[in-house]
Structure formats: C-alpha cells, structure tokens
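Work through the exercises below with the sequence and the 3D view at hand. Try each task before reading its solution.

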Amino acid sequence: MQVDEATVRRIARLARIRISDAEAKGLEKELSGILDWVKQLDEVDTSAVEPMTRVVAQKLTMRDDVVTDGDIADAVTANAPLAEDHYFVVPKIVE
C-alpha cells in the first residue's frame with residue numbers, strides 16, 4: 001500500500017506533529033513499508049490459533065470477595081467541604 005504526502009501530512013496533523021517537507025517525503029516511504037509488512041501478516045493462516053490474552057497459558061486464581069478495608073466512611077469524608085450521611089455533597093450541574 002502506498003501512502004502519499006497528503007496522507008502523511010494528515011496523520012501528522014492528527015498526531016499534532018509538525019513535520020518539514022523533507023520529513024514528509026521520508027515518512028511516505030517508511031509508512032508505506034510498514035503497511036506493506038502488515039499486509040504480509042494478512043497472508044498468514046490464523047484460523048487454527050485460539051484467541052489469547054497472554055503468550056503463556058495461565059489460569060486466574062479465584063479468591064473470596066470480601067471487604068478488607070471498610071467502615072471508614074467518616075475518615076474518607078473528613079476533609080470534604082460538604083458531606084452528608086457519609087456522602088460527598090456537590091452542587092447540581094445538570095438541569
């Protein structure tokens with residue numbers, strides 16, 4: 001896939017990167033090469049590959065869902081400008 005100068009400049013603008021004319025010409029070749037390499041990956045048959053979240057298969061350990069640090073609502077809201085019944089009180093912003 002070929003990337004033209006207009007596409008390079010658009011990508012640079014979206015990335016908020018200022019590039020010179022010389023850099024734009026160089027980036028055309030680099031981005032085209034990267035996209036050609038990615039296109040080669042499309043040719044690989046991955047139909048027999050299972051989706052995975054990590055390279056090494058690992059079973060997640062299960063643990064009981066218990067509260068280990070609770071009953072401190074007074075301490076949490078102690079520095080709040082306004083608090084009521086252990087909740088932060090904030091001004092209404094939606095009408």
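A helix here is a DSSP run of H or I with at least four residues, and helices are numbered from the N terminus. The model is predicted.

**Exercise 1.** Find the helix that holds L41, and decide how exposed L41 is.

Solution. 
- Step 1: L41 sits in helix 2, which covers residues 21-42.
- Step 2: The relative accessible area of L41 is 45%. Buried means under 20%, exposed means over 50%, and partly exposed lies in between.
- Step 3: L41 is therefore partly exposed, given its value of 45%.
- Step 4: L41 contributes to a nonpolar surface patch together with I34, W37, V38 and V44. The area of this patch is about 480 Å².

**Exercise 2.** Describe the salt bridge between R9 and E5, and say where the two residues lie.

Solution. 
- Step 1: A side-chain nitrogen of Lys or Arg must be within 4 Å of a carboxyl oxygen of Asp or Glu.
- Step 2: The closest N and O atoms of R9 and E5 are 3.2 Å apart, so the pair meets the cut-off.
- Step 3: Both residues belong to helix 1 (residues 5-14). They are 4 residues apart, and so about one helical turn separates them.
- Step 4: R9 has 30% relative accessibility and is partly exposed. E5, with a relative accessible area of 26%, is also partly exposed.

**Exercise 3.** Which parts of the chain does the salt bridge between E5 and K25 tie together?

Solution. 
- Step 1: The side chains of E5 and K25 meet in a salt bridge, with 3.5 Å from N to O.
- Step 2: E5 is in helix 1 and K25 is in helix 2, so the bridge ties together parts 20 residues apart in sequence.
- Step 3: K25 is partly exposed, at 47% relative accessibility.

Key:
Residues numbered from 1 in each chain as written. Predicted model: local features only at pLDDT ≥ 70, side-chain atom pairs only at ≥ 80, totals over all residues. Heavy atoms only, no water. Patch = residues over 30% accessible without salt bridge, like charges linked within 9 Å, V, L, I, M, F, W, Y side chains within 5 Å. Areas by Shrake-Rupley, 256 points an atom, 1.4 Å probe, with all protein chains shown as cover. Buried < 20%, exposed > 50% of the residue type's maximum accessible area, 1.4 Å probe, protein only.
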